[in-house]
Amino acid sequence: MTRRPRRNHTPAFKAKVALAAVKGEKTLAELAQQFDVHANQITTWKAQLLDGAAGVFGSEPRAASSAVDVRTLHAKIGELTLANDFLEGALGKAGLPSAKR
């Protein structure tokens, strides 16, 4: 028995299958046979559709955690640059090869 090569389904196909599952006109077994997809995969796509449906209408606010504090990042870059310069000088004084090539 040979294995079927892995298939990559388009988002449009996933949406079509998930919407058919949400409608409930056919059973999961019938949908699985019709679309040649495993029933567990249909259930997963249906759950993803229902979880993400509220985001379509923009009712949920965007996560504020994605906002980056640029000032903190610049301070960290400066701190790391200072440490690298110090270590490069210390290695040079010790007669060891530096990290720069």
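Tutor: Helices (H or I, at least four residues) and strands (E, at least two) are DSSP runs, numbered from the N terminus. On that basis the elements of the chain run α-α-α-α from the N terminus on, which comes to 4 helices and 0 strands. The model is a predicted one, in which local features need pLDDT of at least 70, side-chain atom pairs count only at pLDDT 80 or more, and totals for chains, interfaces and linings use all residues. Residues are numbered from 1 along each chain as its sequence is written, and side-chain values use heavy atoms, with hydrogens and water left out.

Helix α3 has 18 residues and reaches 25 Å from its first C-alpha to its last, close to the 26 Å expected at 1.5 Å a residue; the expected span is 1.5 Å times one less than the number of residues. Helix α3 bends by about 30 degrees at Leu-50, the bend being the angle between axes fitted to the seven residues ending there and the seven starting there.

Phi of Asp-36 is positive, near 55 degrees. Most residues other than glycine have a negative phi. Asp-36 is partly exposed, with a relative accessible area of 40% (buried means under 20%, exposed over 50%, partly exposed in between, with a 1.4 Å probe and protein chains only). After α3 comes Gly-58, whose phi is also positive, near 70 degrees.

Two helices pack against α3. Contact means heavy atoms within 4.5 Å, and here the residues involved include Phe-13 and Val-17 of α1 and Trp-45 and Leu-49 of α3.

The axes of α2 and α3 lie 9 Å apart, at an angle of about 105 degrees, and these two helices are therefore roughly perpendicular to each other. Leu-28, Leu-31 and Ala-32 of α2 meet Ala-39, Ile-42 and Thr-43 of α3.

Terms used
Axes are lines fitted to C-alpha atoms, for helices over the stretch in contact, and angles run from 0 to 180 degrees between N-to-C directions. Angles under 35 degrees count as roughly parallel, over 145 as roughly antiparallel, 65 to 115 as roughly perpendicular and the rest as oblique.
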